[in-house]
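Here's a quick briefing to read with the model open beside you.

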Amino acid sequence: AVQLAVDFGPDAVARRLRAVVAAATDGLRLAEALDDEAGRNRALAPLLAILGASERSGAPAGPALSRLSATTRARARRRAMARARTVPVRLLFPLVFLVLPAFLVLTVAPVVLAGLR
């Protein structure tokens, strides 16, 4: 399964897992190689911990990987919602300093100029 992830996974993940496979072929147990890489790479640590636990216990990794993917998607969704909540505040600058003055120049200025004549 790790070799398939190396072959078909994203480049950043495949590079890290390629080092794990190389360490395992050099004589290190796969679980130890996964744990070593998890210590070096914080982003992949949850995935590698699940794979290492599966290797040690023989339990299927599928259910744990499904929970990890659901948790990761939920975390990404929460971050996206937090960024989306800041959009109205960031849009105040262009509204106040660009749109509002243009609106005033195009609507109020002709009325004031006509009234001065």
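A residue counts as buried when its relative accessible area is under 20%, and as exposed when that value is over 50%. Keep those cut-offs in mind, and remember that this is a predicted model.

**Overall build**
- Along its principal axes, the C-alpha trace covers about 95 × 25 × 25 Å.

**Burial, contacts and surface**
- Of the 117 residues in the chain, 17% are buried.
- If you take the contacts with a separation of 6 or more, 19% of them join residues 24 or more positions apart.
- The chain's accessible surface is about 8700 Å², and carbon and sulfur atoms own 66% of that.

**Helix α3 and its buried face**
- Which residues of helix α3 are buried? In this helix, which runs over residues 30-40, they are Ala-31, Ala-33, Leu-34, Glu-37 and Ala-38.
- Look down the axis of α3 and these buried residues fall within an arc of 160°, so they line one face of the helix.
- As background, an α-helix has 3.6 residues a turn, so residues three or four places apart point the same way.
- Turn to the other side of α3 and you'll find Gly-39 and Arg-40 exposed.
- What covers the buried residues of α3? The cover includes α2 (11-25) and α4 (45-57).

**Two spots on helix α5**
- Arg-67 is part of helix α5, which takes in residues 62-85.
- Is Arg-67 buried or exposed? With a relative accessible area of 55%, Arg-67 is exposed, since the cut-off for that is over 50%.
- Arg-67 and Arg-56 are 11 residues apart along the chain, and their C-alpha atoms are separated by 19 Å.
- Thr-72 also lies in helix α5.
- Thr-72 has a relative accessible area of 38%, so it counts as partly exposed.
- Thr-72 and Leu-47 are 25 residues apart along the chain, with 11 Å between their C-alpha atoms.

Terms used. Residues numbered from 1 in each chain as written. Predicted model: local features only at pLDDT ≥ 70, side-chain atom pairs only at ≥ 80, totals over all residues. Heavy atoms only, no water. Buried < 20%, exposed > 50% of the residue type's maximum accessible area, 1.4 Å probe, protein only. Contact = heavy atoms within 4.5 Å. Areas by Shrake-Rupley, 256 points an atom, 1.4 Å probe, with all protein chains shown as cover. Helix = DSSP H or I, 4+ residues; strand = E, 2+ residues; numbered from the N terminus. Arc of directions from axis to C-beta.
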